[in-house]
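Keep the viewer open as you read.

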Amino acid sequence: MPPITLVEGRRIALSNLEKVLYPDGTTKGEVLHHYATCAPVLLPHLAGRPLSFLRYPDGPEGQRFFAKNVPPGTPEWVTTATVPRSDAPGARQVVLDDLPSLMWAANLVTELHVPQWRAARPEVADRLVFDLDPGAPATIADCCRVALWLRDRLAEDGVTAWPKTSGSVGLHLLAAIEPTPSSEVVRYTKSLAMAAQKAMPELALHRMDRSLRPGKVFIDYSQNAHAKTTAAPYTLRATARPTVSAPLAWKEVAGCTEPEELALDLHDVAARVARDGDLLAPLFDPEAAAPLPS
């Protein structure tokens, strides 16, 4: 029997704590410790949002599978919500709104992905996102240049953006917005992606055609669509290193010259949180939520 741990009064079976998940020797126990340590800053970013799982129970080199439905064996005390999905009408997904639920999910060894809307108001976004994806030989350092342009362009419309690493090779920009239909957010973010490409044709790309991506930064605005999700802040990623989708300060983005500078993993993030708190906390300020231009 796996050991039973009490988390805020909930009994959770945490299994295979010594199992090595990452090539650097990071164990499942260390993964669980990351989520427990980051819970105070992570949970607000998950609250109310239906979760999608990218599971990798045998590590990033093993089998991976994406799942949206409530996993078999989910405890009855884990919150779930009905979500609008064309592929499965009436489907329910997990909503992680407390520490026991987070630790139960972490024990599954999964990336945590959320939409830009909450289950209480499906398809009405309260955030917008840009996913900046570099095509080799471009790197996250090139993403930073595009991010700074987008930050300034968003500011012209009264929208304040905040950066984080994707935890893979790219960069995410997030902004709090007044409740807006997802389709309108897609239209707005596409217009800015197109403007960025026009301003920086040698670097920025708004089209999804993979043949165009080498040496460019693809500005993926489509993750604002109601059916799409984005890696949540502080989630671990199924990559060769235990990298984390880690919030950044704008001065780190502006000063980045080498991709290694922003390759943050679970061994880095706990100290950053202890020092800085949640760099994305301004997203929860009601005064920060901006209306999109009509």
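Start with arginine 153, which pairs with glutamate 156 in a salt bridge whose closest N and O atoms are 4.0 Å apart; the term stands for a side-chain nitrogen of Lys or Arg within 4 Å of a carboxyl oxygen of Asp or Glu. Both residues belong to helix 3 (residues 140-156), where they sit 3 residues apart, about one turn of the helix. Helices here are DSSP runs of H or I with at least four residues, strands are runs of E with at least two, and both are numbered from the N terminus. Arginine 153 is partly exposed at 23% relative accessible area, while glutamate 156 is exposed at 62%. Those labels use a 1.4 Å probe on protein chains only: buried is under 20% relative accessible area, exposed is over 50%, and partly exposed lies in between.

A note on the ground rules: this is a predicted model, in which local features need pLDDT of at least 70 and side-chain atom pairs count only at pLDDT 80 or more, while totals for chains, interfaces and linings use all residues. Residues are numbered from 1 along each chain as its sequence is written, and side-chain values use heavy atoms, with hydrogens and water left out.

The structure holds 13 salt bridges. In one of them, the side chains of arginine 213 and aspartate 133 meet at 3.6 Å, N to O. This pair links distant parts of the chain, 80 residues apart: arginine 213 is in the loop between strand 11 (204-205) and strand 12 (217-220), and aspartate 133 is in strand 8 (residues 124-134). Arginine 213 is buried at 11% relative accessibility, whereas aspartate 133 is partly exposed at 26%.

Next, look at aspartate 265, whose salt bridge with arginine 241 has its closest N and O atoms 2.7 Å apart. Aspartate 265 lies in the loop between helix 5 (250-255) and helix 6 (266-276), and arginine 241 in the loop between strand 13 (230-231) and helix 5, so the pair ties together parts 24 residues apart in sequence. Aspartate 265 is buried at 7%, and arginine 241 is partly exposed at 36%.

The largest nonpolar core has 77 residues, and Leu128, Phe130 and Leu132 have the most contacts inside it. Such a core is a set of buried Ala, Val, Leu, Ile, Met, Phe, Trp, Tyr and Cys residues joined through side-chain atoms within 4.5 Å. A second, separate core of 5 residues includes Val129, Leu174, Ala176 and Leu283.
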